[in-house]
Amino acid sequence: MFSDADAAALYDLLNPWDPKRWPSDGFYDGLVMAADSVLDVGCGTGSMLHRAREGGHAGRLVGLDPDCAALARARRRTDIEWVEGTAADAEWNAEFDLATMVSHAFQCLVTDHELRASLAAIYAALRENGRFAFETRHPQTRAWEDWNPSNASDVTDASGRALRVWHEIESVVGDLVTFTATTAEPDGAVLRVDRTSLRFLGVAALDAFLAEAGFEVEARYGDWNRGPVTTTSREIITIARRA
Ligand SMILES: C[S@@+](CC[C@H](N)C(=O)[O-])C[C@H]1O[C@@H](n2cnc3c(N)ncnc32)[C@H](O)[C@@H]1O
């Protein structure tokens, strides 16, 4: 009723890459354009790398994601390398100046084992002094409390179909939040339900994983204007360096 390809197209409609609208997109655009070679881990539909190429990036751009339907949209641009797989699957060896995990893709790494394997693979993919930039939602502001049906989004897709999308929390266990995203017709007829778990690591736990993988934290921000992490920050934005 609502295919994976439909879901990937809807993702782009709800989350357009737009640095004028989203300061986070501008933050990453600046890092990407300044790096000769970029690996975007969890690239999804590839919109950040598409924008980089359109903006004149002439170096190597590689997107990695396990979601085939999202990658099929990414592949609409053929002047970028697209690879199917998880972060932990990455097998590059000292090839990139910059690795990214944007739009909170890092939070998809939910188990300690997956986090360790993913960070090790990203570390190995970076050249000496290469940087890994990513953000994770700070657990202190409990973003998941806004993910409920009263915050539903109404949208008309590319084929003119009216849709309603909403989230519902299933469980919060330790630092793991599991929720569903429901895509429905405006009368409530359900077309699709996707279940996701995201991990909300705090600063200390995050830094312990980074240090164990060999990364040094070069910069840490609590907002997209590069302010420090405070008791009200919604984000933990990290630029880590391969030592
Ligand atoms: C919120 S989306 C962000 C997509 C894209 N970075 C963007 O900015 O639109 C999270 C992405 O992470 C991907 N993902 C999930 N688990 C992953 C893993 N273990 N390794 C790499 N990517 C993963 C998903 O398939 C999805 O495309």
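Reply: Happy to! Leu-71 is buried, with a relative accessible area of 0%; buried means under 20% relative accessible area, exposed over 50%, and partly exposed in between (1.4 Å probe, protein chains only). Before we go on, please note that this is a predicted model, in which local features need pLDDT of at least 70 and side-chain atom pairs count only at pLDDT 80 or more, while totals for chains, interfaces and linings use all residues. Residues are numbered from 1 along each chain as its sequence is written, and side-chain values use heavy atoms, with hydrogens and water left out.

Helices (H or I, at least four residues) and strands (E, at least two) are DSSP runs, numbered from the N terminus. Leaving aside residues up to four places away in sequence, Leu-71 touches Cys-43, Gly-44, Asp-65, Trp-82, Val-83 and Glu-84, where contact means heavy atoms within 4.5 Å. Ala-99, by comparison, is 28 residues from Leu-71 in sequence and 18 Å from it in space, C-alpha to C-alpha.

At the start of α1, a side-chain oxygen of Ser-3 comes to within 3.3 Å of the backbone nitrogen of Ala-5.

Now back to Cys-43, one of the residues that Leu-71 touches. Cys-43 is buried, with a relative accessible area of 8%. Its sulfur is 11 Å from the closest cysteine sulfur, in Cys-68, which is too far for a bond; a disulfide is a pair of cysteine sulfur atoms within 2.5 Å. Cys-68 is likewise in no disulfide, and a search of the whole structure finds zero disulfides.

Finally, a word on the annotation. An unreviewed UniProt entry lists residues 38-130 as "domain: Methyltransferase"; UniProt positions are given in the numbering used here, feature names are shortened, and annotations may be inferred rather than shown by experiment. In the model, the end C-alpha atoms of residues 38-130 lie 10 Å apart, and the span is 31% helix and 27% strand.

Note on methods:
A polar contact is a pair of N or O atoms within 3.5 Å; within protein, one must be able to donate a hydrogen and the other to accept it, and residues adjacent in sequence count only if both atoms are side-chain atoms.
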